[in-house]
Amino acid sequence: MTRQTRSALITGASAGIGKSFAEHLAHTGHDLVLVARRTDLLEALAGKLRSESGVDVEVLSTDLSTDEGVNKVVTRIINGPPIDLLINNAGYASRGKVAELDADALDHMLRVNIMALTRLSRYAMGRMVAEGRGSIINVGSGTAFMQFAGNAGYGASKNFVMAFTRHMHLEAEGTGVRVQLLVPGLVSTDFHTVADGDLANFPPERVMKPDDLVIASLRALEKEEPVCIPSLPQIIDWEAYVKAEGVVAANTSRDHIAARYHSN
(Lines give C-alpha, C1' and ligand atoms only; values in the text may rest on other atoms or scores of the structure.)
Protein backbone atom coordinates (compact mmCIF):
# COMPACT_ATOMS: atom_id res chain seq x y z
CA MET A 1 0.00 0.00 0.00
CA THR A 2 1.32 3.46 -0.89
CA ARG A 3 1.92 5.70 2.09
CA GLN A 4 -0.13 8.88 1.69
CA THR A 5 0.64 10.99 4.76
CA ARG A 6 3.83 13.03 4.58
CA SER A 7 6.00 13.58 7.63
CA ALA A 8 8.60 16.10 8.73
CA LEU A 9 11.19 16.14 11.50
CA ILE A 10 12.11 19.63 12.69
CA THR A 11 14.90 20.49 15.11
CA GLY A 12 14.73 23.68 17.14
CA ALA A 13 10.95 23.37 16.79
CA SER A 14 9.82 25.00 20.04
CA ALA A 15 10.14 28.62 18.89
CA GLY A 16 11.04 30.96 16.04
CA ILE A 17 11.72 29.58 12.58
CA GLY A 18 11.29 25.97 13.68
CA LYS A 19 7.88 26.66 15.20
CA SER A 20 6.79 28.46 12.04
CA PHE A 21 7.87 25.48 9.91
CA ALA A 22 5.85 23.19 12.20
CA GLU A 23 2.72 25.32 11.90
CA HIS A 24 2.89 25.61 8.12
CA LEU A 25 3.61 21.92 7.58
CA ALA A 26 0.84 20.83 9.97
CA HIS A 27 -1.63 22.98 8.08
CA THR A 28 -0.64 21.21 4.84
CA GLY A 29 -1.25 17.78 6.39
CA HIS A 30 2.23 16.72 7.48
CA ASP A 31 2.65 14.52 10.53
CA LEU A 32 5.44 15.95 12.63
CA VAL A 33 8.35 14.97 14.83
CA LEU A 34 9.29 18.02 16.90
CA VAL A 35 12.75 18.20 18.45
CA ALA A 36 13.97 20.74 21.03
CA ARG A 37 15.13 21.02 24.64
CA ARG A 38 12.11 22.81 26.08
CA THR A 39 9.57 20.09 26.78
CA ASP A 40 6.83 22.45 27.97
CA LEU A 41 6.92 24.51 24.79
CA LEU A 42 7.07 21.41 22.57
CA GLU A 43 4.09 19.80 24.29
CA ALA A 44 2.06 23.02 24.07
CA LEU A 45 2.82 23.37 20.36
CA ALA A 46 2.10 19.70 19.70
CA GLY A 47 -1.28 19.93 21.40
CA LYS A 48 -2.18 23.04 19.44
CA LEU A 49 -1.24 21.48 16.09
CA ARG A 50 -3.07 18.21 16.81
CA SER A 51 -6.19 20.17 17.70
CA GLU A 52 -6.08 22.63 14.81
CA SER A 53 -4.81 20.41 12.00
CA GLY A 54 -5.62 16.85 13.03
CA VAL A 55 -2.09 15.63 12.37
CA ASP A 56 0.01 13.23 14.41
CA VAL A 57 2.72 15.02 16.37
CA GLU A 58 5.57 13.23 18.10
CA VAL A 59 7.66 15.10 20.66
CA LEU A 60 11.36 14.39 21.14
CA SER A 61 12.66 16.50 24.01
CA THR A 62 16.43 16.30 23.81
CA ASP A 63 19.62 18.34 23.97
CA LEU A 64 21.45 18.29 20.63
CA SER A 65 24.67 19.49 22.25
CA THR A 66 25.10 16.00 23.73
CA ASP A 67 25.90 12.69 22.07
CA GLU A 68 22.96 11.14 23.88
CA GLY A 69 20.59 13.77 22.55
CA VAL A 70 21.80 13.46 18.97
CA ASN A 71 21.70 9.66 19.11
CA LYS A 72 18.09 9.81 20.28
CA VAL A 73 17.12 11.63 17.08
CA VAL A 74 19.37 9.47 14.91
CA THR A 75 17.64 6.36 16.29
CA ARG A 76 14.26 7.86 15.38
CA ILE A 77 15.47 8.62 11.84
CA ILE A 78 16.90 5.15 11.29
CA ASN A 79 14.33 2.94 13.01
CA GLY A 80 11.10 4.93 13.05
CA PRO A 81 8.52 5.49 10.32
CA PRO A 82 10.01 7.21 7.26
CA ILE A 83 10.69 10.95 7.40
CA ASP A 84 9.88 12.78 4.17
CA LEU A 85 11.41 16.09 5.21
CA LEU A 86 14.22 16.83 7.67
CA ILE A 87 14.64 20.46 8.71
CA ASN A 88 17.94 21.04 10.52
CA ASN A 89 16.99 24.30 12.15
CA ALA A 90 18.47 24.01 15.67
CA GLY A 91 21.28 26.46 16.26
CA TYR A 92 22.27 29.56 18.15
CA ALA A 93 25.00 32.20 18.39
CA SER A 94 27.63 32.39 21.12
CA ARG A 95 29.59 35.49 20.25
CA GLY A 96 32.83 37.08 21.33
CA LYS A 97 36.23 38.07 19.97
CA VAL A 98 38.52 35.09 19.43
CA ALA A 99 41.04 36.19 22.06
CA GLU A 100 38.24 36.55 24.61
CA LEU A 101 35.92 33.65 23.74
CA ASP A 102 34.50 31.35 26.38
CA ALA A 103 36.00 28.14 24.98
CA ASP A 104 33.39 25.90 26.62
CA ALA A 105 30.53 28.02 25.29
CA LEU A 106 32.07 27.91 21.82
CA ASP A 107 32.39 24.12 21.99
CA HIS A 108 28.76 23.81 23.09
CA MET A 109 27.57 25.96 20.17
CA LEU A 110 29.64 24.05 17.62
CA ARG A 111 28.17 20.77 18.83
CA VAL A 112 24.68 22.03 18.04
CA ASN A 113 25.38 24.11 14.92
CA ILE A 114 27.77 21.67 13.24
CA MET A 115 27.99 18.20 14.78
CA ALA A 116 24.27 17.64 15.35
CA LEU A 117 23.36 18.91 11.89
CA THR A 118 26.07 16.76 10.31
CA ARG A 119 25.00 13.54 12.01
CA LEU A 120 21.28 14.03 11.40
CA SER A 121 21.96 14.88 7.75
CA ARG A 122 24.13 11.82 7.34
CA TYR A 123 21.56 9.33 8.64
CA ALA A 124 18.54 11.02 7.09
CA MET A 125 20.23 11.22 3.70
CA GLY A 126 21.37 7.62 3.95
CA ARG A 127 17.82 6.39 4.50
CA MET A 128 16.31 8.77 1.94
CA VAL A 129 18.77 7.75 -0.78
CA ALA A 130 18.02 4.08 -0.08
CA GLU A 131 14.29 4.82 -0.39
CA GLY A 132 14.74 7.07 -3.43
CA ARG A 133 12.83 10.00 -1.94
CA GLY A 134 12.92 12.71 0.68
CA SER A 135 14.03 16.27 1.32
CA ILE A 136 16.47 17.99 3.67
CA ILE A 137 16.56 21.70 4.52
CA ASN A 138 19.63 22.93 6.38
CA VAL A 139 19.29 26.39 7.91
CA GLY A 140 22.35 28.56 7.46
CA SER A 141 22.76 32.29 8.04
CA GLY A 142 23.42 35.43 6.07
CA THR A 143 26.39 36.03 8.36
CA ALA A 144 28.21 33.34 6.39
CA PHE A 145 28.82 36.09 3.82
CA MET A 146 30.04 38.62 6.39
CA GLN A 147 32.97 39.21 8.70
CA PHE A 148 32.67 41.32 11.82
CA ALA A 149 34.31 41.33 15.22
CA GLY A 150 32.80 38.92 17.69
CA ASN A 151 31.22 36.65 15.08
CA ALA A 152 34.10 34.31 14.23
CA GLY A 153 32.66 31.24 15.95
CA TYR A 154 29.04 31.58 14.85
CA GLY A 155 29.87 32.85 11.36
CA ALA A 156 32.32 30.01 10.79
CA SER A 157 29.75 27.45 11.96
CA LYS A 158 27.32 28.74 9.35
CA ASN A 159 30.05 28.72 6.69
CA PHE A 160 30.37 25.01 7.48
CA VAL A 161 26.62 24.54 7.07
CA MET A 162 26.73 26.31 3.72
CA ALA A 163 29.64 24.27 2.35
CA PHE A 164 28.37 20.97 3.76
CA THR A 165 24.89 21.48 2.32
CA ARG A 166 26.16 22.49 -1.11
CA HIS A 167 28.18 19.27 -1.24
CA MET A 168 25.09 17.34 -0.16
CA HIS A 169 23.14 18.85 -3.02
CA LEU A 170 25.71 17.64 -5.54
CA GLU A 171 25.73 14.16 -4.03
CA ALA A 172 21.92 14.00 -4.07
CA GLU A 173 21.67 14.46 -7.84
CA GLY A 174 19.86 11.55 -9.44
CA THR A 175 18.87 9.96 -6.11
CA GLY A 176 15.35 11.38 -5.76
CA VAL A 177 16.43 13.36 -2.69
CA ARG A 178 16.15 17.15 -2.62
CA VAL A 179 18.54 19.26 -0.54
CA GLN A 180 18.13 22.94 0.22
CA LEU A 181 20.40 25.48 1.87
CA LEU A 182 18.17 28.08 3.54
CA VAL A 183 19.92 31.38 4.26
CA PRO A 184 17.97 33.68 6.60
CA GLY A 185 18.97 37.22 7.30
CA LEU A 186 17.51 39.04 10.30
CA VAL A 187 14.31 37.33 11.43
CA SER A 188 11.92 38.50 14.16
CA THR A 189 12.46 35.67 16.66
CA ASP A 190 14.04 35.36 20.10
CA PHE A 191 17.33 34.26 18.48
CA HIS A 192 18.84 37.70 18.95
CA THR A 193 17.79 37.96 22.58
CA VAL A 194 19.50 34.64 23.29
CA ALA A 195 22.60 35.96 21.51
CA ASP A 196 22.54 39.17 23.62
CA GLY A 197 21.39 41.20 20.64
CA ASP A 198 18.47 43.52 20.00
CA LEU A 199 16.44 43.67 16.78
CA ALA A 200 15.54 47.25 17.67
CA ASN A 201 19.07 48.17 16.56
CA PHE A 202 18.18 47.33 12.96
CA PRO A 203 15.91 49.14 10.49
CA PRO A 204 12.50 47.39 10.25
CA GLU A 205 12.93 46.92 6.52
CA ARG A 206 15.82 44.52 7.21
CA VAL A 207 13.85 42.22 9.53
CA MET A 208 11.73 39.40 8.07
CA LYS A 209 8.82 37.62 9.74
CA PRO A 210 9.47 33.90 10.28
CA ASP A 211 6.27 32.95 8.44
CA ASP A 212 7.47 34.74 5.32
CA LEU A 213 10.83 33.00 5.54
CA VAL A 214 9.15 29.59 5.79
CA ILE A 215 6.80 30.30 2.89
CA ALA A 216 9.79 31.18 0.70
CA SER A 217 11.72 28.08 1.77
CA LEU A 218 8.88 25.65 1.10
CA ARG A 219 8.14 27.30 -2.24
CA ALA A 220 11.83 27.08 -3.18
CA LEU A 221 11.76 23.38 -2.25
CA GLU A 222 8.84 22.85 -4.63
CA LYS A 223 10.81 24.66 -7.34
CA GLU A 224 13.84 22.51 -6.50
CA GLU A 225 16.06 25.52 -5.90
CA PRO A 226 19.18 24.27 -4.08
CA VAL A 227 19.71 27.59 -2.31
CA CYS A 228 16.97 29.78 -0.86
CA ILE A 229 17.88 33.31 0.19
CA PRO A 230 14.33 34.58 0.75
CA SER A 231 15.01 38.31 0.37
CA LEU A 232 17.49 38.08 -2.53
CA PRO A 233 15.74 39.91 -5.41
CA GLN A 234 17.49 38.12 -8.29
CA ILE A 235 18.92 34.60 -8.38
CA ILE A 236 21.59 35.91 -10.76
CA ASP A 237 23.24 37.52 -7.72
CA TRP A 238 23.81 34.07 -6.21
CA GLU A 239 24.95 32.76 -9.59
CA ALA A 240 27.49 35.59 -9.78
CA TYR A 241 28.78 34.60 -6.33
CA VAL A 242 29.22 31.00 -7.47
CA LYS A 243 30.94 32.17 -10.67
CA ALA A 244 33.37 34.29 -8.63
CA GLU A 245 34.15 31.23 -6.50
CA GLY A 246 34.98 29.36 -9.69
CA VAL A 247 37.44 32.01 -10.79
CA VAL A 248 39.28 31.81 -7.47
CA ALA A 249 39.12 28.00 -7.37
CA ALA A 250 40.65 27.70 -10.84
CA ASN A 251 43.71 29.62 -9.69
CA THR A 252 44.35 28.04 -6.30
CA SER A 253 46.47 25.24 -7.76
CA ARG A 254 49.16 26.16 -10.31
CA ASP A 255 52.77 25.13 -10.89
CA HIS A 256 53.99 28.69 -10.28
CA ILE A 257 53.39 31.53 -7.85
CA ALA A 258 51.61 34.72 -8.85
CA ALA A 259 53.70 37.44 -10.46
CA ARG A 260 53.16 39.81 -7.51
CA TYR A 261 55.25 37.56 -5.25
CA HIS A 262 58.37 37.80 -7.39
CA SER A 263 61.05 40.24 -6.29
CA ASN A 264 61.46 43.37 -8.34
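Me: In the lining of the second largest cavity, how many residues are nonpolar, polar and charged?
Reply: Ala, Val, Leu, Ile, Met, Phe, Trp, Tyr, Cys and Pro count as nonpolar, Asp, Glu, Lys and Arg as charged, and the others as polar. The model is predicted. In it, T11, L64, N88, N89, A90, V112, A116, L117 and L120 line the second largest cavity. They divide into six nonpolar, three polar and no charged.

Me: What is the volume of the largest cavity?
Reply: The whole structure holds two cavities of 30 Å³ or more. The lining of the largest includes I77, P82, A124 and E131. By type, that lining has six nonpolar, no polar and two charged residues. The space inside is about 60 Å³.

Me: Are α3 and α4 roughly parallel or roughly antiparallel?
Reply: Helix α3 spans residues 67-79 and helix α4 spans residues 103-131. Their axes come within 9 Å and cross at roughly 15 degrees. Angles under 35 degrees count as roughly parallel. So α3 and α4 are roughly parallel.

Me: How many charged residues are in the contact of α3 with α4?
Reply: From α3, the contact includes D67, V70 and I77. The contact divides into nine nonpolar and two polar residues, and the charged ones number four.

Me: Is the crossing of α3 and α4 left-handed or right-handed?
Reply: The two axes cross at roughly 15 degrees. The handedness of this crossing is right-handed.

Note on methods:
Residues are numbered from 1 along each chain as its sequence is written. This is a predicted model: local features need pLDDT of at least 70, side-chain atom pairs count only at pLDDT 80 or more; totals for chains, interfaces and linings use all residues. Side-chain values use heavy atoms; hydrogens and water are left out. Axes are lines fitted to C-alpha atoms, for helices over the stretch in contact, and angles run from 0 to 180 degrees between N-to-C directions. Helices (H or I, at least four residues) and strands (E, at least two) are DSSP runs, numbered from the N terminus. Angles under 35 degrees count as roughly parallel, over 145 as roughly antiparallel, 65 to 115 as roughly perpendicular and the rest as oblique. A crossing is left-handed if the near helix is turned anticlockwise from the far one by less than a right angle, and right-handed if clockwise. Contact means heavy atoms within 4.5 Å. On a 1 Å grid over the protein atoms alone, a cavity is a set of points where a 1.4 Å probe fits but cannot get out, and a pocket is an open set with protein on both sides within 12 Å along at least five of seven lines; lining residues have an atom within 4 Å of a point. Grid points are joined across faces, edges and corners, and a volume is the space filled by probe spheres set on the points.
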